[in-house]
Amino acid sequence: MSTGELLSIEPLELKFPFELKKQISCSLLLSNKTDNYVAFKVKTTNPKKYCVRPNTGIVSPRSTCDVIVTMQAQKEAPPDMQCKDKFLLQSVKTNDGAAPKDITPEVFNKEAGNVVEEFKLRVVYVSPPQPPSPVPEGSEEGSSPRGSVMENGNVNGAEFSNAAKAFSEQLEPQERSAEARSLILKLTEEKNKANQQSNRLRQELELLKRQGSKSRGGVSILFVIIVGLIGLLLGYLMKKS
């Protein structure tokens, strides 16, 4: 906090949690330490980059005023996250009961004999706040995996549901792996059975072919024998006659 004769300012640095392509705001608290009405005006070295609301105003005696400074969304980060932008806050006593509409540039004109207090404020970029990391189960003193589910003997439905979902998500890859192994074993068994059946059919076919060949060979020899016997019989009958 900076303390002047008219206003105290908090903080003295405009800290922006810098993020690309995001509009970011921070606030200044102005406190009137006097029994007079104090007019103020906020200037910046880079007016296109910042929006100040209000950039001029009146702080009543012994009261405060909030000033919101908004940085427009930036497309790229500055080197080393260093910012050279500056702000200047001017304050001056004004007439009792003055309103913001009564503030003119002449009010802050030192050459006109006005006593103007000035405070320079610099801009600082800081890293955006990080979300809290989850606490591992059982890491706290006396805690147990069921500690977050049971509260005063009652089941916390939301936490139980989240825990069940997380547990099922952990099991899903294992279940998929087991199903894949089971399917591979089943297909392998069916393939082996098909190969065995194919071999059996091939053996039976070869056996049938061999039996057919033997059968055709037997019929031919028998036919020759019968023809021969008939020929001998006819010869014998012809000789006898």
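Two strands are taken as paired if DSSP finds at least two bridges between them. In this predicted model, strand β5 (residues 37–44) and β9 are joined by 8 bridges and run antiparallel. Within this pairing, T44 stands opposite F87 in β9. Strand β5 is also joined to strand β7 (residues 56–59), by 4 bridges, and these two strands run antiparallel. Here F40 has G57 of β7 as its bridge partner.

The overall layout can be stated briefly. The protein has 12 strands and 1 helix. From the N terminus on, the order of elements is β-β-β-β-β-β-β-β-β-β-β-β-α. Of the 241 residues, 22% count as buried. The accessible surface comes to about 18,100 Å². Carbon and sulfur atoms hold 55% of that surface. Contacts between residues at least 6 apart in sequence were also examined. Of these, 70% join residues at least 24 apart.

Strand β3 (residues 13–17) pairs with strand β10 (residues 117–126). The two run parallel and are joined by 5 bridges. E13 stands opposite R122 in β10. Strand β3 has two faces. L14 and F16 make up the covered face. E13, K15 and P17 make up the uncovered one.

Aromatic contacts come next. The count comes to 3 aromatic pairs. In one of them, the ring centres of F18 and Y125 are 4.8 Å apart, with the planes at 40 degrees. The pair is therefore tilted, because only angles over 60 degrees count as edge-to-face and those under 30 as stacked. F18 lies in the loop between β3 and β4, and Y125 lies in strand β10, so the pair ties together parts that are 107 residues apart in sequence. F18 is buried, with a relative accessible area of 6%. Y125 is buried too, with a relative accessible area of 9%.

Y50 and F87 form an aromatic pair that is edge-to-face. Their centres are 5.0 Å apart, and the angle between the planes is 75 degrees. This pair links distant parts of the chain. Y50 is in strand β6 (residues 50–53) and F87 in strand β9 (residues 86–94), 37 residues apart. Both Y50 and F87 are buried. F16, Y50 and F87 form one aromatic cluster.

S31 is placed in strand β4 (residues 24–32). At 17% relative accessibility, S31 counts as buried, because the cut-off for that class is under 20%. Leaving aside neighbours within four places in sequence, S31 is in contact with L6, L7, S8, S63 and T64.

The helix supplies a nonpolar surface feature. Helix α1 spans residues 157–240 and contains L237. Together with I226, I230, L233 and L234, L237 makes a nonpolar surface patch of about 460 Å². At 45% relative accessibility, L237 counts as partly exposed, because that class lies between the cut-offs of 20% and 50%.

Methods
Residues are numbered from 1 along each chain as its sequence is written. This is a predicted model: local features need pLDDT of at least 70, side-chain atom pairs count only at pLDDT 80 or more; totals for chains, interfaces and linings use all residues. Side-chain values use heavy atoms; hydrogens and water are left out. Patches are made of residues with over 30% relative accessible area and no salt bridge: like charges are joined within 9 Å, nonpolar side chains (Val, Leu, Ile, Met, Phe, Trp, Tyr) within 5 Å. Accessible areas come from the Shrake-Rupley method with a 1.4 Å probe; for residues, only the protein chains shown count as cover. A salt bridge is a side-chain nitrogen of Lys or Arg within 4 Å of a carboxyl oxygen of Asp or Glu. Buried means under 20% relative accessible area, exposed over 50%, partly exposed in between (1.4 Å probe, protein chains only). Contact means heavy atoms within 4.5 Å. Rings of Phe, Tyr and Trp (its six-membered ring) pair if their centres lie within 6.5 Å; planes under 30 degrees apart count as stacked, over 60 as edge-to-face and the rest as tilted.
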